[in-house]
Amino acid sequence: MNRVRVRPELDAPDQLSRGDRGARQSRRWLASEIPLGTLLETPYGLVGDEAPREGLRVRTHEVDPPDAGLPPMPWTVNRKEQVWTPRLAHLVEQANASQWNASLDIPWSAAVGLADHLESAVCDIFTWLLQQELTAHQVPSAWLPQIHPAFLEVRLFLSGKVMDEARHTEACIKRLWLNGVGPTATAPETDQALALLCLLEDYEQASLLVDILGEGQILDVFKIVHDLAPEATRRIVLLSRRDEARHVSYGVARLKHRLETARDPEAVGRQIVEWIAARIEVSDEFFTLPGLVEEALGVLGYEAGVDGSQRARRFPAEANEFRRSRLEAAGLPPRALRQVRTLLAGK
């Protein structure tokens, strides 16, 4: 077994405390001389309903002369209703203040030499988590080049999200190889289900399935892992969970704004139900946990003096309740919400 060499100085108290800087600094931007939100009080804050498919310009950047042509660009996401929420400025500033470092902010030495059965369980969990995080990194990366810069705040937020997910994948792979074990060999079902999310052609569908349902599931899984796992692993999921909460917040806020401004909210609700139903048809893991992960949680729970297997068995029902509550918070119309409850009840 070839373990990663961990330098003790990286685990010094002054370094570990940096992991809390997201909590300490999350409001520092309020004291900024020019927080992003103040720009929305200027003419720049007038966000048009639709941006042209030509040019590489933000709002208020005019053409001189006015009739001059601009080069065509691949903006497939150029309508405000697809991407916008008034919370964007807050979310961008919060993300900027909450960055952490996968090398410096985790007490890696605490996980060196973990007992073999615990190390195996942790690697089973992190193998699955790594695939989820790779997907969460790939999806916004693919959409960024398609979003018109007239909606710059969305691009800023998604750029931060890409950085967050890159950091999560970095932490996952470092944890997997910390004691020389590496990823667990698994069947291709997870890849097949996640690949479909990377190939979606509708931004709103991608945001629903990834930002709200998918990352919402990971947010809930992180809570269980945090409660059961050894020290270094708890730190990874604690810091990652803060990021995921922000990503879910964007998804919920975007959908809420979409429903509040839609001419026909019921039609939007029907579309959401169709997307969720279609996802259920192709992915069990999207709504449950793989057997390997359930077993691993049982092992960690036993070591922690908790019935981890029972926590894992309860997870699908608890996660579905969280999904429903997030969709309800987004203002999903009552009929659509009832239909979603029926769909999820079958999982």
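## Exercises on a predicted model

In this predicted model, the axes of helix α12 (residues 291-304) and helix α13 (residues 308-329) come within 6 Å and cross at roughly 145°.

**Exercise 1.** Find which residues of α12 and α13 make the contact, and sort them by class.

*Solution.* On the side of α12, the contact is formed by Glu 294, Leu 297, Gly 298 and Gly 301, and on the side of α13 by Gly 308, Ser 309 and Ala 312. Sorted by class, the contact of α12 with α13 has two nonpolar, four polar and one charged residues.

**Exercise 2.** Decide whether Arg 175 is buried or exposed, and describe what surrounds Arg 175.

*Solution.* Begin by placing Arg 175 in helix α7 (residues 152-177). Its relative accessibility is 1%, and because buried means under 20%, Arg 175 counts as buried. Next, look at its neighbours: leaving out residues up to four places away in sequence, Arg 175 touches Trp 108, Ala 111, Leu 114, Glu 119, Val 122, Phe 126, Thr 233 and Ile 236. With one of these, Glu 119, the side chain of Arg 175 makes a polar contact through the partner's side chain, at 2.8 Å.

**Exercise 3.** Work out where the buried residues of α14 lie around the helix axis.

*Solution.* The buried residues of α14 are Ala 336, Leu 337, Val 340 and Leu 344. They cover an arc of only 100° around the axis, and therefore they sit on the same side of α14. The face turned away from that buried side carries exposed residues, namely Pro 334, Arg 335, Arg 338, Thr 342 and Ala 345. Finally, the cover over the buried residues of α14 includes α11 (265-282) and α13.

Conventions:
Residues are numbered from 1 along each chain as its sequence is written. This is a predicted model: local features need pLDDT of at least 70, side-chain atom pairs count only at pLDDT 80 or more; totals for chains, interfaces and linings use all residues. Side-chain values use heavy atoms; hydrogens and water are left out. Axes are lines fitted to C-alpha atoms, for helices over the stretch in contact, and angles run from 0 to 180 degrees between N-to-C directions. Helices (H or I, at least four residues) and strands (E, at least two) are DSSP runs, numbered from the N terminus. Contact means heavy atoms within 4.5 Å. Ala, Val, Leu, Ile, Met, Phe, Trp, Tyr, Cys and Pro count as nonpolar, Asp, Glu, Lys and Arg as charged, and the others, Gly among them, as polar. Buried means under 20% relative accessible area, exposed over 50%, partly exposed in between (1.4 Å probe, protein chains only). A polar contact is a pair of N or O atoms within 3.5 Å; within protein, one must be able to donate a hydrogen and the other to accept it, and residues adjacent in sequence count only if both atoms are side-chain atoms. The arc is that of the directions from the helix axis to the C-beta atoms.
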